[in-house]
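Subject: Structure handover

Hello,

Here is the structure I said I would pass on. My notes on it follow below.

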Amino acid sequence: MASGAWTSGDAYDAYIGRWSRPVAAAFVARLAVPAGRRWLDVGCGTGALTAAVLATADPARVLGVDPSTAFLATARTRLTDQRVTLATADAQSLPDGPFDAVVSGLALNFVPDPGGAVTEFARVCRPGGVVAAYVWDYTSGMAMLRYFWDAVATLDPARAELDEGRRFSLCQPEALRTLWTDGGLHDVAVEPIDVPTVFTGFHDYWRPFLGGQGPAAGYVMSLTEDRRRDLRDLIRLRLPDTEDGSIPLTARAWAVRGTA
């Protein structure tokens, strides 16, 4: 079966990255970190969260780290502000701080040891600084994937365990709260961030699943042409639409924050 690894920045953005930008903007605004602070963006990917920090938080500097050299290459073409530095690093072994704000967007559930990562977040954050992250609600809040995996469960029940909603139990409020508390952070709060995800038509919805990025797209690319067509047709039948052919869905992320 195709791995569906995160290997292409452009393909990721076409698939799910485009919806990360409005979530990142809302997330940074809610943190209300004062201007002139030092930020660390862990798992910065193609740069959506770092871009939101630059646009709304007026940072002194931002260090973005990610293990994917392909994602970092895409980020470097987009983040040309001299306050930004991008580097290859793992969430479980971060550059020394101290940073005033340590943040992570849509990455923590892919880290092999999330608890160890949060301990690292706290270690490199100055006392009194902010440690915060957000992840998609794969169980019910990320509608584009919910329709997809529900159709997979109907046609191919043996593969239902690939569903991110089953695999990533971390992506729920209480799990995030426990993770932050166990990591030694204080004043922990969890809240949802909801954004509209409106597709112009079925092609706009389906085409990114053919890019091979992530578990869902990896599954699609592992199918024979006939089975792929059956999955496509069932999803098309179940998706809502409007008179103009657009597909109005929503996406929910859970955001958690605490004080170091």
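Which residue takes a positive phi just after α2? It is D58, with a phi of about 45 degrees.

Some ground rules come before the rest. This is a predicted model, so local features need pLDDT of at least 70 and side-chain atom pairs count only at pLDDT 80 or more, while totals for chains, interfaces and linings use all residues. Residues are numbered from 1 along each chain as its sequence is written, and side-chain values use heavy atoms, with hydrogens and water left out. Helices (H or I, at least four residues) and strands (E, at least two) are DSSP runs, numbered from the N terminus.

The sheet

Seven strands form an open sheet with mixed pairing, in the order β3-β2-β1-β4-β5-β7-β6. Two strands pair if DSSP finds at least two bridges between them. The edge strands, each pairing on one side only, are β3 (84–88) and β6 (186–199). From one strand to the next the twist averages 20 degrees; for such angles, axes are lines fitted to C-alpha atoms (for helices over the stretch in contact), and the angles run from 0 to 180 degrees between N-to-C directions.

Strand β4 (residues 99–105) pairs with β1 (residues 38–42) in the parallel sense over four bridges. Its bridge partners there include A101 for W39 and V103 for D41. β4 also pairs with β5 in the parallel sense, over six bridges, and V131 in β5 is the bridge partner of V102. Seven of the seven residues of β4 are buried, so the strand is largely enclosed by the rest of the structure. Buried means under 20% relative accessible area, exposed over 50%, and partly exposed in between (1.4 Å probe, protein chains only). In α2, the buried residues include A48, L49 and T50.

Aromatic rings

A pair of aromatic rings is described by the distance of the centres and the angle of the planes. Here, rings of Phe, Tyr and Trp (its six-membered ring) pair if their centres lie within 6.5 Å; planes under 30 degrees apart count as stacked, over 60 as edge-to-face and the rest as tilted. A search of the whole structure finds 14 aromatic pairs. In one of them, F121 and W180 have ring centres 6.3 Å apart and planes at 70 degrees, so the pair is edge-to-face. This pair links distant parts of the chain, with F121 in helix α4 (residues 114–124) and W180 in helix α7 (residues 173–182), 59 residues apart. Both F121 and W180 are buried.

For F148 and W149, the ring centres are 4.9 Å apart and the planes are at 90 degrees, so this pair is edge-to-face. F148 counts as buried because its relative accessibility is 0%, and W149 counts as buried because its value is 3%. One aromatic cluster is formed by W19, F148, W149, F199, F202, Y205, W206, F209 and Y219.

The largest pocket

A pocket is an open set of points on a 1 Å grid over the protein atoms alone where a 1.4 Å probe fits, with protein on both sides within 12 Å along at least five of seven lines; lining residues have an atom within 4 Å of a point. The largest pocket has a volume of about 540 Å³. Of its 37 lining residues, the closest to its centre are G43, D66, L106, A107 and F110. The largest share of the lining, three residues, comes from α1.

Regards

Note on methods:
Points joined across faces, edges and corners; volume = space filled by probe spheres on them.
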